[in-house]
Amino acid sequence: MLMRTDPFRDVDRLAQQVLGTAARPAVMPMDAWREGDAFIVELDLPGVDPDSLDLDVERNVLTVHAKRPAVDSEREMVAAERPRGVFSRQLFLGETLDTERIKADYSGGVLRLTIPVAERAKPRRIQISTRDEKKPVNA
C-alpha cells in the first residue's frame, strides 16, 4: 500500500485533537439542563483520576480542572486519539444561581454538577393590599 505524507493534513489533524472541532470538541464535552430548582451540568471526563479533579468558584465563574495521565512511554501506540494532560473549562454562571451550594459527583467518567437556583431568584407570590375600606351599607 502506498501512503503519501501530507504535512498540512498532519498539522490539521493535530489541531483538531488539541483544539477540537465544532462537531467534536477535544475535551470536556458538556450537557446542561434545568431540573426543577437547579441546573444540572454533566462533563465527560473518562480516564480522569478523581483526585486530579479541581473545582473553583470565583465570583460567578466556575472553573473545572482535570488531568488525564500521559501514556506509558514503554508502549508502542498504534492510535493515540484521546487528549492527555491538564484540561480546564470555565462556566459563567448567572446571578440567579447559588454558587455557595453547588454539589459535585464524579461517577463512571462523568462529572455531574448540581447548581441550585438562588432563593431570591425563585418565583414568589406577592400579597396585594388595598387602602379602600368597605363601609357598612345602611339598611
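**Figure 1. Surroundings of M28 in the predicted model.** In this predicted structure, M28 contacts L43, D44, L45, V64, A66, F87, S88 and R89, when neighbours within four places in sequence are left aside. M28 also belongs to the largest nonpolar core, which has 17 residues. Together with L43, L45, L111 and L113, M28 is among the core residues that touch the most other members. Strand 2, strand 4, strand 5 (85–92) and strand 7 are the elements that give two or more residues to this core. In soluble globular proteins, nonpolar side chains tend to be buried together.

**Figure 2. Salt bridge between R112 and E42.** The side chains of R112 and E42 form a salt bridge, with an N to O distance of 2.8 Å. This pair joins distant parts of the chain, since R112 lies in strand 7 (residues 110–116) and E42 in strand 2 (residues 38–44), 70 residues apart. R112 has a relative accessible area of 29% and is therefore partly exposed. Side chains of opposite charge can pair when their charged atoms come close.

**Figure 3. Salt bridge between R101 and D98.** A salt bridge also connects the side chains of R101 and D98, at 2.7 Å from N to O. The count of salt bridges in the model comes to 2. R101 is partly exposed, because its relative accessibility is 43%. D98 has a relative accessible area of 17% and so counts as buried.

Figure 4. T114 is located in strand 7. Not counting residues up to four places away in sequence, T114 touches A38, F39, I40, R101, I102 and K103. One of these contacts, R101, is the residue whose side chain meets D98 in a salt bridge. T114 is partly exposed, because its relative accessibility is 25%.

**Figure 5. Backbone at R59.** R59 has a positive phi of about 55°, although R59 is not a glycine. The residue occupies the loop between strand 3 (54–58) and strand 4 (61–68). Its relative accessibility of 75% is over the 50% limit, so R59 counts as exposed.

**Figure 6. Fold and confidence of the whole chain.** The protein chain contains 1 helix and 7 strands, arranged along the sequence as α-β-β-β-β-β-β-β. Among contacts with a separation of 6 or more, 48% are between residues 24 or more positions apart. Of the 139 residues, 22% count as buried. The accessible surface comes to about 11,600 Å², and carbon and sulfur atoms account for 50% of this area. The mean pLDDT of the chain is 80, and 74% of the residues reach 70 or more. Confidence is highest in strand 6 (residues 103–107), at 96, and lowest in helix 1 (residues 7–19), where the mean is 60. Where pLDDT is low, the predicted coordinates should not be read in detail.

Key
Residues are numbered from 1 along each chain as its sequence is written. Side-chain values use heavy atoms; hydrogens and water are left out. Helices (H or I, at least four residues) and strands (E, at least two) are DSSP runs, numbered from the N terminus. Buried means under 20% relative accessible area, exposed over 50%, partly exposed in between (1.4 Å probe, protein chains only). A salt bridge is a side-chain nitrogen of Lys or Arg within 4 Å of a carboxyl oxygen of Asp or Glu. pLDDT is the predictor's confidence in each residue, from 0 to 100. Contact means heavy atoms within 4.5 Å. Accessible areas come from the Shrake-Rupley method with a 1.4 Å probe; for residues, only the protein chains shown count as cover. A nonpolar core is a set of buried Ala, Val, Leu, Ile, Met, Phe, Trp, Tyr and Cys residues joined through side-chain atoms within 4.5 Å.
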